[in-house]
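Hi there,

I'm passing along the structure we talked about, with some notes on what turned up. Have a look at it first, then read on.

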Amino acid sequence: MAESVPAESAHAHDHHDHHEQSFASKYLFSTDHKIIAMQYMFTGLAMGLIGAFFAYAFRMQLAFPGMDVPFWGQVSAAEYNALVTNHGTIMIFWVAMPVLIAAFGNYLIPLMVGCDDMVFPRLNRLSYQIFLLSAIVLIASFFVEGGAFGGAWTAYPPLSAKAEYSLTPLGSSIWVVAVALEFVAFLLGGINFVTTAMNSRAEGMGMYDIPVVIWMIVIASILFMASVGPLVAGAVMLLFDQTIGTNFFDPDRGGDPVLWQHLFWFFGHPEVYVVLLPAMGITADIMAVFARKKLFAYKTILYTTFATGVLSFMVWAHHQFVAGIDPRMAHVFTITTLLISIPIAELCFVYIATLYKGSITLTTPMLWALAFLFEFLIGGVTGIFLGASGADIYFHDTYFVLAHFHYTFFPIAIIGTYAGITYWFPKMFGRMMNDTLGKIHFWGTIIPFNCIFIPLFFLGMGGQHRRIYNYENFPELAGQGMQDLRVFATVALLVMLAFQVVFVINFIVSLRSGKKAENNPWRANTLEWQTPSPPPHGNFGSEMPKVYRGPYEYSTPGREEDFWPQNAPS
Amino acid sequence: MAMRPIATTRAMTGIPTGRLAVWWVIASEIVIFGGLLGSYIMHRLVNPQWANYAIHTNTWAGAFNTLVLLTSSLSAVLAHHAATHGDGKKAARYLWFTMAGGGIFIVVKAFEWTHEIQLGYTITANAFWAFYYTAAGLHALHVIAGVVIMGIISVDCLKNQELHRVELIGNYWHFVDLVWIFLFPLLYIAK
Amino acid sequence: MSDDHGPAHYIRIWAILVALLVVSVIGPMFEIQVVTLITAFGIACVKAYMVAANFMHLKTEKTLAVYMLVTCLVFMFLFFAGTAPDVMKTEGTNWDKPALRAMIAAGLAEGADHH
């Protein structure tokens, strides 16, 4: 319409007259998408350390009740609740979301679709600043009177709405505000991602030439935008209930607490796919590169992902089977929940088909990608039990649910993140990571991970309820056999945490003295590898790339090289 | 800002980037208001007695405010029309007229609320009033935000700069109008 | 084209919208439930369509934008369909909302006194 579109070359020229920038303007207030991606990533990883520390503290309490936990001290019952609640909140909203969507989205979208930045760079910066503020607000809730919110990450009222139940008059309101701010940050970021990928692709890049990881991040952003609204409205209602005493969710005064559960899970379930899809996308790209094979059924992957996205809006009440929901609705939600396992299983099969007869190189990123598929399958299969309303009545709120949940989210948030970091590290920092240390870290994470959570499945089936601070008070749960499993899981956690030090060392050492990375160390096709490592400001120098083919043309018969960059003229 | 990324100048979907982003903003607003109004309607249907509370809302004030918003929408679209013809000054004048509409809307709301609160119908009185103030308040916040953004855009308009933004704020304003079109019967007329 | 997007066209749309507003205010005064529903909510839908189609130019916008908005709207109907069966009940298989039922009864009685 009225938008003036100046010639591209005139703008490309602008990028070259840059003055020396101060540290603050370069790293703190930059509008460059790569810097913002790093800010998101390091903030997310730092929050991950806090979330992991919380897990350490409450697992120690469960394994050795009443002990003086090193670096924390005695874990009181109220502290236990706050730790569990904020472990969940932080790991989902302040680790999985910023690292998987915001960091990789920010870094990869402009590079992989072949443009110089996001379409709204300043909005992008604002998004990060609001996110940082939300993180600070959440941490602050630990230092207010009454302590941090302890009503579980789902914040069900009336526990979360009334201070006389939760005993955290300030903590619960601060929690709601922090979560709401975080949503605002991701709404701004999501609009940026979607618009960039829709509108600003390189010349020649059609819909089906977009790498799967970009598709997945975009679809995830759309899912987030379309599902978060009711919870934003719900957060306002909950905040009013807490602070000025309205009665939206107060059953004593005509409110309905189950409404909150619906508002929460209408967002909460699509949220699982919001973080799952980027991890799936990262895995797909890595698998195609290290199997040196064209990604199997590219279009099927897209259609399946769309189907998953739409279905994810119809399954939310399977979290509420024991909340007294209408039994007829429970049937409907059981059916839709079992249906959604079909497209996800299909994705797994398609990924395995990509590996079939490929020339696989087991580099560190590839190991992570394979582990993602393997571990996530266990998470998916155990989900079937919980999706069926009849079985769920027995499993609900036990450690079975907890173990299932961690078998889905650990692959997503931790394995997916490590896959992405180890794969794109050369591009991000211009140096290679140490492969031996990478593999030590990989096995040191994967083996203890299974040792933590497999015992929890058995504990859950043995009837161990969640959210209990000390099992000594429950004779049927305090037996030696069960306690041994708890100790085993906790020791495995300690081992896993210890092995993360290897990653930190590898990261720092590689950053300072790793082998210099060439432009395209993995010999990949996508556009980000066709520019220097790390990419300059403006990403592609004076000439923006043109795209001639899809992103997965590996081992094309009749070509000398086994890869065929998207921007190479044939 | 002097420099814009090349990314901003592309429009592969055929929809200019700014407008596409505003469509996404509106899409995410639809679900925010959708969740709130959906919750209200469910409660309304199970609470037949709310009709007795709704009679205390002032239909005439609501109807007047609807007229104000409809008219301001007209001037917003006329501002867009002027902007597409490159007439920044005229567009700015229409935008000011729209802002005045938003201002009148807020003033009328203020009088309404003052009166209702004096009668004891506060946000904590019962769930009807809680929804009434939350829904209308969230909408009023959108009106205020729209007025502020329009003020910023009108300054650029006077210098004949960034005229495409008139359409963007216009679309947002029409959406705010649209929400009110549903709020009016939900909160005022249904008795 | 100029006729469809000129000021005259917009003013015509506005006039129709105002006329519809008058109808939607007068309709419910008859206090017949069907008339109220149609004039209040039916007309609101018509008005919303007219604003979206003409003022927001969705009539001439790429269909992509329409799909985006309609998808979100459809999701809201899904939300309503899944949630309303629970919220719109005062008792279920193993639960009861005594406070709510008392409030409904008291509110209706109070209303009966007013009329």
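Predicted model: local features only at pLDDT ≥ 70, side-chain atom pairs only at ≥ 80, totals over all residues.

Contact between the two chains, counted as heavy atoms within 4.5 Å, involves 51 residues of chain A and 41 residues of chain B. Residues are numbered from 1 along each chain as its sequence is written, chains are lettered from A and ligands numbered from 1 in the order written, and side-chain values use heavy atoms, leaving out hydrogens and water.

About 4,000 Å² is buried between chain A and chain B, with 69% of that from carbon and sulfur atoms; buried area is the accessible area (1.4 Å probe) that two parts lose on being put together, summed over both. No salt bridges are found across this interface, taking a side-chain nitrogen of Lys or Arg within 4 Å of a carboxyl oxygen of Asp or Glu as the rule.

On the side of chain A that touches chain B, H8(A) gives the most, with 10 residues. Helices here are DSSP runs (H or I, at least four residues), numbered from the N terminus.

As for confidence, chain B averages a pLDDT of 94, and 98% of its residues score at least 70. Within chain B, the mean is lowest in helix H1 (residues 6-9), at 87, and highest in helix H5 (residues 88-118), at 97.

One residue to look up: Thr417(A), in helix H14 (residues 399-429) of chain A. Leaving aside neighbours within four places in sequence, Thr417(A) touches Val99(A), Leu100(A), Phe104(A) and Ile412(A).

Best wishes

Definitions and conventions
Helix = DSSP H or I, 4+ residues; strand = E, 2+ residues; numbered from the N terminus. pLDDT = per-residue confidence, 0-100.
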